[in-house]
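I am opening this notebook to keep track of what I look up, one entry at a time.

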Amino acid sequence: MVFWLQKIYGGGCMRKLLQIHLHGMKLAFFSSAAYRSDFFIGLLVVLAGGLLSPLLIVLIYQNGASIGGYSIYQIFLIQGVYLIASGFGAVLFFDIVFSTSFRVREGTFDILLLKPHSLLSILIATSYNNNGIANVFGGMFLFIYALYHIPSVSTSEWLLFIFLFVIALTTLLAFSVILAALGIIWVGNSRLFDIYNSISKFASYPVTIFQKNLRMILSFFIPVAMLGFIPASVMLNLSSPSLYISVICCILFFGISLLFWKYMIRRYTSTGG
Amino acid sequence: MSTIIEVKNLSKRYKSYERGSSFLDVTKSLFFRNSLYVDAVRDISFNVDDGEILGLIGPNGAGKSTTLKILTGIMYPTSGSVNIMNFTPWENRKHYVKNIGAVFGQKSQLMWDIPPIDAFLLNKSIYDIPKIRFDTILEEMLDLLSIEAIIKKPTRQLSLGERMKCEFVMAMLHNPKIVFLDEPTIGLDVIAKDKIRLFIQKMNSKGITFILTTHDIGDIESLAQRVVIINHGEIVFDDSISALKGKTENRRSIILTVQRPFDFVNIEGVEECTFKTNLEGEFFINTDIISIADFIAYMNNLNGISDVVVAQQPIEKVIKELYIL
């Protein structure tokens, strides 16, 4: 874990890094609190967007249909995990995608390169976004509600779940880094984010309902299944040994994202003077 | 004085794209783009001494900002070497940037929705500045720039001059040895410019080296001890400000108001003339070829002089000549 944190944050004293990131979070809150109505409307919009999918599930199950033989509570648990993970991702690092694109276009990306820390670390520290917290709470509500309706979960399953949840956040970070890196050269790549957004939605459904080839892609190559289904499958007693291969794939995916980031930084040309 | 910056044979080549402006050109560019290579900086070499204020000037697109970005570690060069305080900026960026500060007139370090003091405190965390040192430096800066009253207001409510002063605070809080300034007085009124120039002089007297790029000749005249002029990516002048001013020693600007309208006469030694009306004109003369007295006597005979103003040719004119070389 420390190794990965050092990879992202470029080593250095953890206390100092924590201080910078806490300060960044505080400033993000101050910035969004400057426009109060936008702050509250933003939270509501994010929450409404996040809960759209569970509402659709309710409609499907109320009409007597089901998804791949799963109970509504099992689907809620998967979607709860997905919402919590994507909510944390949005709060902690997803804004680096938009921030990079915006800063490169405006020329203020240069300013980040003048700071004596890992560029990615500074970018994350200056790109926190509070709105995602609505998804975290929405997801938690769904997750806890579903937990009451499924068989009890053992301590070892909880521990494995927490481990997989950390891997899910690492995978989300990898996606953010790749999209942000593309924004360095491919300025104005907002459509790429839309594509990612659509693909990541697969994580909020059981991967087993998809065709085999797609299942392989979602579990190992573009490992979005880790963002919801795989961690939830541990709680539902549906996990298979292949989840460990998915974990390795996610770690490799993260490593590749960092290499890609470094490669793109070298290609950064800044804007005209 | 010891050398603090050593630039040798530095070059930077960009890949750029071009397209026409017609509907067809734009549609075509969605599928095919014409790429072209631009040599922004071509084999330039120069040194900067510790504690010096160097003016790096040149026309738009000359390569000044590219040079500055390479020197600050923001950009990789295509070839050449840079040694700044034993660092290669783009290779040891994280360690190197602890020792430098930068103010970009057109790129803000402040955050639009929150007061500058919050941004200063973020820099305190980033540079790990001890509280006592931070408070001391901040107090001194606020006092020098007279901005105590505004640092708690949201940045978006500040004037351009106030924001620029805060940018200087951001750049200086960690006590850098070298500060890079890219058009720091752009868009400022004369009072704000004066305040910032005084601030730079004060900081320079403490031994901080400044590299200044600007289009404001006033900045150069009042601050720079040495001037490097870049044009088309190449250095066309590298000498002291007095040497640059010396280029105007044999040049004079003579403004004449006459009684009879000017006739076009080709006078040897008159390098340029502009006419406000047909009774008032400015002549730039080379005194090595024609003396002031001879010129005035000649013009008096021809048009009858009613008023005359003689001045040293402005430094802008010399710089302009170097720009169009």
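Entry on confidence. I looked up the pLDDT of chain B in this predicted model, and I found a mean of 88, with 99% of the residues of chain B reaching 70 or more. For the complex I noted the predictor's own scores, an ipTM of 0.78 and a pTM of 0.81.

Entry on domains. I then asked myself how chain B is divided. I read that domain 1 takes in 3-8 + 39-246, while domain 2 covers 251-323. Taken over C-alpha atoms, the centres of domain 1 of chain B and domain 2 of chain B are separated by 39 Å. Where the two domains of chain B touch, I counted 10 residues from domain 1 in contact with 6 residues from domain 2. On the domain 1 side, the elements that give two or more residues are α8 (217-223), β8 (226-231), β9 (234-240) and α9 (241-246) of chain B. I also sorted this domain 1 side by class, and its residues divide into 7 nonpolar, 1 polar and 2 charged.

Entry on a sheet. Which order do the strands of the open sheet of 4 strands in chain B follow? I wrote down β11-β12-β10-β13, with antiparallel pairing. At the edges I found β11 (270-277) and β13 (305-312) of chain B, each of which pairs on one side only. Neighbouring strands of the sheet are turned against each other by 20 degrees on average, direction ignored. As a reminder to myself, strands of a sheet pair through backbone hydrogen bonds. I next looked for a helix lying across these strands, and I found α10 (residues 292-303) of chain B across β10, β12 (280-286) and β13, running at about 155 degrees to β13(B).

Entry on the chain contact. How many residues does each chain bring to the contact between chain A and chain B? I noted 29 residues from chain B and 22 residues from chain A. On the side of chain B that touches chain A, at least two residues each come from α2 (64-71), α3 (93-96), β5 (100-104) and α4 (116-126) of chain B, and α4(B) gives the most, with 5 residues. By class, I listed this side of chain B as 14 nonpolar, 5 polar and 10 charged residues.

Technical notes:
Residues numbered from 1 in each chain as written. Chains lettered and ligands numbered in written order. Predicted model: local features only at pLDDT ≥ 70, side-chain atom pairs only at ≥ 80, totals over all residues. Contact = placed C-beta atoms within 7 Å. Nonpolar A, V, L, I, M, F, W, Y, C, P; charged D, E, K, R; others polar. Pairing = 2+ DSSP bridges. Axes fitted to C-alpha atoms, helices over the stretch in contact; angles between N-to-C directions. pLDDT = per-residue confidence, 0-100. Domains from an automatic or database assignment.
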